[in-house]
Amino acid sequence: MAGGINEIEDANNDEGFQRALQFAVIQHNNGTNDTAIRQVIEVVSAKSQVVAGTNYIMTVILARTSCEKEGQAENCTIHKEPGHAQPYQCTFTVWSRPWLNKIQLTKEECLNAQPAPE
């Protein structure tokens, strides 16, 4: 239904959602002062809305990894100790218009985000 918000049943296998999620996390990492890369440890909810393109509305839990922003972003692992992982929840809205090759993070709200330890 155009305009309605629908649950994405299988977010892990939804290619459009996965692209939007990856884009949102990259944008979030670029916008933080933390030197460590954050990764998704859990998708809390995944929704889509058909507009002039698709809005993907996602709520995720992010945590710090062992990788630094300036280094290689491959094989990053989440810190095992919660004090270092510092998990927190974010809700992102990503507007995707693949036929124009455009994707945009239109909304970002994070709860309990803590600054990196000194």
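Predicted model: local features only at pLDDT ≥ 70, side-chain atom pairs only at ≥ 80, totals over all residues.
Colleague: OK, rings. How many aromatic pairs does a search of the whole structure find?

Modeller: One. The ring centres of Phe17 and Tyr56 are 6.3 Å apart and the planes are at 70°, so this is an edge-to-face pair. For the cut-offs, rings of Phe, Tyr and Trp (its six-membered ring) pair if their centres lie within 6.5 Å; planes under 30 degrees apart are stacked, over 60 edge-to-face, and the rest tilted.

Colleague: Where do Phe17 and Tyr56 lie?

Modeller: Phe17 is in helix H1 (residues 15-31) and Tyr56 in strand S3 (residues 53-68), so the pair ties together parts 39 residues apart in sequence. Helices (H or I, at least four residues) and strands (E, at least two) are DSSP runs, numbered from the N terminus.

Colleague: Phe17 and Tyr56, buried or exposed?

Modeller: Both Phe17 and Tyr56 are buried. Gly16, Ala20, Leu21, Ala24, Val25, His28 and Asn29 are also among the buried residues of H1.

Colleague: What covers the buried residues of H1?

Modeller: The cover includes strand S2 (36-51), S3, strand S4 (88-97) and strand S5 (102-111).

Colleague: And what caps the N-terminal end of H1?

Modeller: Asp14 does, with a side-chain oxygen 3.2 Å from the backbone nitrogen of Gly16.

Colleague: What should the 17 residues of H1 span?

Modeller: 24 Å at 1.5 Å a residue, and the end C-alpha atoms are 24 Å apart, which agrees. The expected span is 1.5 Å times one less than the number of residues.

Colleague: Switching to strands. How do S2 and S3 pair?

Modeller: S2 and S3 run antiparallel over 13 bridges, and they form a hairpin with one residue between them. Strands pair if DSSP finds at least two bridges between them. Gln39, for instance, has Ala63 in S3 as its bridge partner.

Colleague: What about S1 and S2?

Modeller: Strand S1 (residues 5-7) pairs with S2 in the antiparallel sense too, over three bridges. Ile5 has Gln49 as its bridge partner in S2. Gln49 is buried, at 18% relative accessible area.

Colleague: What does Gln49 touch?

Modeller: Setting aside residues up to four places away in sequence, Gln49 touches Gly3, Gly4, Ile5, Thr54, Asn55 and Ile57. Contact means heavy atoms within 4.5 Å.

Colleague: And Ser96, what is that in contact with?

Modeller: Ser96 lies in S4. Neighbours within four places in sequence aside, Ser96 is in contact with Gly53, Thr54, Tyr56, Lys102 and Ile103. It's buried, at 11%.

Colleague: Backbone next. What is phi of Gln86?

Modeller: Positive, about 45°, although Gln86 is not a glycine. Gln86 sits in the loop between helix H2 (82-85) and S4, and it's buried at 7% relative accessible area.

Colleague: How about Asn101, buried or exposed?

Modeller: Exposed, with a relative accessible area of 72%. Asn101 is in the loop between S4 and S5, and its phi is also positive, near 55°.

Definitions and conventions:
Residues numbered from 1 in each chain as written. Heavy atoms only, no water. Buried < 20%, exposed > 50% of the residue type's maximum accessible area, 1.4 Å probe, protein only. Polar contact = N/O pair within 3.5 Å; in protein donor to acceptor, adjacent residues only side chain to side chain.
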